[in-house]
Structures are given as C-alpha cells and as structure tokens.
Amino acid sequence: MTTIACTTPDYDMSAPLMTDADVLERVGSCIDQQSRTGRSLWIMFVDPGGVQLPVLVPIDGVPESPEPGDARAVCHLITQVLSDAAPGGSAVISLTRPGTGHVRESDQHWTSTLRKAAADEGTTLRMVCLATRDGIRRLDPLTSIGARARSGPSTGVGRRGHRGS
C-alpha cells in the first residue's frame, strides 16, 4: 500500500525549476532512498513558470518492460491534470527501481515508450528520470545502456512524497 506523508518539504516549492540540474535536485529531494528500491513511476507536475505543483503521484508495481497502453494511460492522466491545474505546464516522470544507477535496456524501453505515448497524447514531458540508490539521472532515448547515474542528493525520510509502510 502506498501512503503519502503530508509533511512540509525541506525545499522551497515556490522556487522555479529552470534547469535540468534544478529538476534532478528536486527529484532527489522528493523521492527518498527507501522509495528508490521498488519499481515505481513518480509523476511531478510543473506549471508553465517552472514551479512544482503541491502533489507528487507514485504509481507502484510497474513492470520491468512497459506496455504501450500503460504508458498512454499515464500520459492521458498527466494531460488531464495539467489541463485542469496548470494549463501549459509539464510533467517530470521518474522511474525508480532496485539496483544500481547503471542504465538498463528496460530503462531505455520505458523512456522511449513514455515519450511516444506523450507525443500521441499531446502530453508535455519536461524530463524522464531514473532514481536509484546511486542517485538521479536524466533518461533520454539516446542515453547509453550501462551509463551510471550521477550521485544525487541523499534524501531523508519524512519529505513530501515519502511512502511509509
């Protein structure tokens, strides 16, 4: 079961995410180490000015290889939320999984499937990331398999988006 803690984040949510480094740092602040040990997708919504909306959506139990219909459903959800809450905004999708931060073929498959579904659904994705115990990295369709995640900020428990048991 997923539980969302309603705590005050340890970062300024009103600070706009202007660069890729800003996005990666925020993902590292939102998704703690424990939450990076299972297969999940985390969706962060960002308004047109780059400010994170006050909701972070975890989707647990995602398969190692995505189904096109699943990716389309995720992108459809994102499009609906952004249409209602932040027209002109975008989303950051983070894939969490056990293991190291080395990019795997399955990570690349998720990235390309999500990007295709986003294009089909008219969804604006700011970034697709990989979050593992080793850190956070941007995933692009051309990221080399075997590339290693950069060390990201270590995050503690109790932050917004922390899943408890």
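Me: Helices are DSSP runs of H or I with at least four residues, strands are runs of E with at least two, and both are numbered from the N terminus. What is the span of helix H3 from its first C-alpha to its last, and how does that compare with the expected one?

Reply: This is a predicted model, in which local features need pLDDT of at least 70 and side-chain atom pairs count only at pLDDT 80 or more, while totals for chains, interfaces and linings use all residues. Residues are numbered from 1 along each chain as its sequence is written, and side-chain values use heavy atoms, with hydrogens and water left out. H3 covers residues 105–121, 17 residues in total, and reaches 24 Å, close to the 24 Å expected.

Me: Why is Thr 113 called buried?

Reply: Buried means under 20% relative accessible area, exposed means over 50%, and partly exposed lies in between (1.4 Å probe, protein chains only). Thr 113, which is found in H3, has 12% relative accessibility, so Thr 113 counts as buried. Other buried residues of H3 include Trp 110, Leu 114 and Ala 117.

Me: What does Thr 113 touch, leaving aside its neighbours within four places in sequence?

Reply: Contact means heavy atoms within 4.5 Å. By that rule Thr 113 is in contact with Pro 66, Glu 67, Pro 68 and Ala 71.

Me: Which elements cover the buried residues of H3?

Reply: Among them are helix H2 (68–85) and the strands S1 (40–46), S3 (90–96) and S4 (125–132).

Me: Why is H2 called oblique to H3?

Reply: Axes are lines fitted to C-alpha atoms, for helices over the stretch in contact, with angles from 0 to 180 degrees between N-to-C directions. Under 35 degrees is roughly parallel, over 145 roughly antiparallel, 65 to 115 roughly perpendicular, and the rest oblique. The axes of H2 and H3 come within 8 Å and cross at roughly 50 degrees. That makes H2 oblique to H3. Where they meet, the residues of H2 include Ala 71 and Cys 75, and those of H3 include Thr 113 and Leu 114.

Me: How do you know whether Leu 82 is buried or exposed?

Reply: Leu 82 belongs to H2. Its relative accessible area is 6%, so Leu 82 is buried. Not counting residues up to four places away in sequence, Leu 82 touches residues including Phe 45, Val 46 and Thr 124.

Key
Expected span 1.5 Å × (residues − 1).
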